[in-house]
Amino acid sequence: KRNNSSTIIQFNESNISADNSLLNGLWNSTYATIARCNIVIGRIGNISMDETLKERYTGEAKFLRALTYFNLVRVFGDVPLVLTEVTQAQESFGFAREASDKVYAQIIQDLKDAAAALPAAYTTNKDIGRATSIAARSLLGKVYLTRKQYPAAAGVLQEVISSGIPDLLPAYTDVFLPDNPNNREIIFAVQYARGFDPQQGSPFGNDVAPNEPVNKVVVAAGNGQGTFLVTDDLAHAFTATDARRKAIDSATGTRKYYYTNKYFDPAITKANDAGNDWIVLRYADVLLMAAEAYNEQGLTDKALPYLNEVRHRAALSASTTTDKIALRPEIALERRLELNCEGHRWFDLVRTGQAKPVMNAFFEKYKADDDQAGKNSTIQDNELIFPIPGFQVNLNPDKIKQNPGY
């Protein structure tokens, strides 16, 4: 918690209102991305250009549209499904919320198209960082996993693993260095670059730092915002020998604060201008998703090697668990520790049906500590998805209905 912004505190305390500006910003920015993708997909056929490049650009647009819709449907549930360019403002009022099953069907088709159209990797600097078929298959695996289509998830993730293209870096902390972008472990990332005008750097280095004076330098320029700090619960979840502990640091102000240094850039000269990319997909995530997909089919013999590959890099002993039910929490814990502060935990909990028991236990444990959780905070069934921004409901009340409970 430890942030004075009411919009952020609402998320920390699971007390989100329909007028939360962060949700409205998410809705607007994602639909703006979708609109741009639709323009590319709809217009590119009439442009005279190299056919191979045309196919690649279409594949990239479909990948980005799928990624954006995947984020939308996981956050809001049923959402408007816009697949063609909107040329008149009045057209916008014709789009109602579509069933999430239909949205997922489009996401899957877009990712299949992208996987068929895109190269597996790039070697030239001007293209490295663009979407690839490996990225499309990795995201498709995550979509299938979310849909509990475990054989399909395992199959497509196995294709990524067997390709030999992505791999784990030997040292965990090297994955996140600002001067080591698009390394072999990173499958797809939002690209940031420091030192440009207009500014193209990442704000996350400032976001993850405490927003009060502390006893050490936490950001190289500007002030910490305390937007998402590491909870004490997470900081204490690592064993003493876990190499990933190095990615979490602490500083002391009015209390001891834990924070991630995954987004620290020592070379920045102004706030919110870090060179660290935001990693959307990386190979450790793929390995752990494959482990989950195989385990859910009862194939623990296939799940364990992938789980243990991640554990080995973290300097942990191999798991020998062969019971499907017992292995589930081990995989979930490994995802929590491996992917901490990378935007996966909430969606993992919802996907596995653990959001309510895990978060409500957390709220109960820390109910007396307002720096960790709000008093009397709980998560109810309806809060597994978030409210549709009230502005959107008011703008088009005949077509856009609010989610229950908000």
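Residues are numbered from 1 along each chain as its sequence is written, and side-chain values use heavy atoms, with hydrogens and water left out. Because the model is predicted, local features need pLDDT of at least 70 and side-chain atom pairs count only at pLDDT 80 or more, whereas totals for chains, interfaces and linings use all residues.

Helices (H or I, at least four residues) and strands (E, at least two) are DSSP runs, numbered from the N terminus. Helix H5 covers residues 133-146. Its 14 residues reach 20 Å from the first C-alpha to the last, close to the 20 Å expected at 1.5 Å a residue; the expected span is 1.5 Å times one less than the number of residues. Burial is assigned from relative accessible area (buried under 20%, exposed over 50%, partly exposed in between; 1.4 Å probe, protein chains only). H5 is mostly covered, with twelve of its 14 residues buried. Among them are Ser-133, Ile-134, Leu-139, Leu-140, Lys-142 and Tyr-144. Lys-148, which follows H5, has a positive phi, near 65°.

The structure holds 37 salt bridges, a salt bridge being a side-chain nitrogen of Lys or Arg within 4 Å of a carboxyl oxygen of Asp or Glu. One of these joins Glu-60 to Arg-56, with the closest N and O atoms 3.6 Å apart. Both residues lie in helix H3 (residues 51-76), four residues apart, about one turn of the helix. An α-helix has 3.6 residues a turn, so residues three or four places apart point the same way. Glu-60 counts as buried because its relative accessible area is 11%, and Arg-56 is likewise buried, at 13%.

A salt bridge also links the side chains of Glu-98 and Lys-102 (3.6 Å, N to O). Glu-98 is partly exposed, at 27% relative accessibility, and Lys-102 is partly exposed at 44%. In the pair formed by Asp-127 and Lys-126 the N to O distance is 3.3 Å. Asp-127 is buried, at 8% relative accessibility, while Lys-126 is exposed, with a relative accessible area of 70%. Salt bridges that share partners join Glu-185, Asp-242, Arg-244, Lys-262, Arg-282, Arg-311, Arg-313, Glu-334, Glu-338 and Glu-342 into one network.

The loop between strand S1 (79-80) and strand S2 (97-98) contains Phe-93. Phe-93 is partly exposed, its relative accessible area being 33%. Together with Phe-391 and Leu-395, Phe-93 forms a nonpolar patch on the surface with about 290 Å² of accessible area. Such a patch is made of residues with over 30% relative accessible area and no salt bridge, the nonpolar side chains (Val, Leu, Ile, Met, Phe, Trp, Tyr) being joined within 5 Å. Accessible areas come from the Shrake-Rupley method with a 1.4 Å probe. Glu-85 lies in the loop between S1 and S2 as well and is partly exposed, at 24%. The C-alpha atoms of Glu-85 and Asn-38 are 5.3 Å apart, although 47 residues separate the two along the chain.

Three cavities of 30 Å³ or more are present. A cavity is a set of points, on a 1 Å grid over the protein atoms alone, where a 1.4 Å probe fits but cannot get out; its volume is the space filled by probe spheres set on the points. The largest cavity has a volume of about 100 Å³. Its lining comprises 15 residues, defined as those with an atom within 4 Å of a point. Of these 15, Val-175, Phe-176, Ile-186, Asp-277 and Ile-279 lie nearest the centre of the cavity.

How values were computed: Patch = residues over 30% accessible without salt bridge, like charges linked within 9 Å, V, L, I, M, F, W, Y side chains within 5 Å. 1 Å grid on protein atoms, 1.4 Å probe; cavity = no way out; pocket = protein on both sides within 12 Å on 5 of 7 lines; lining within 4 Å.
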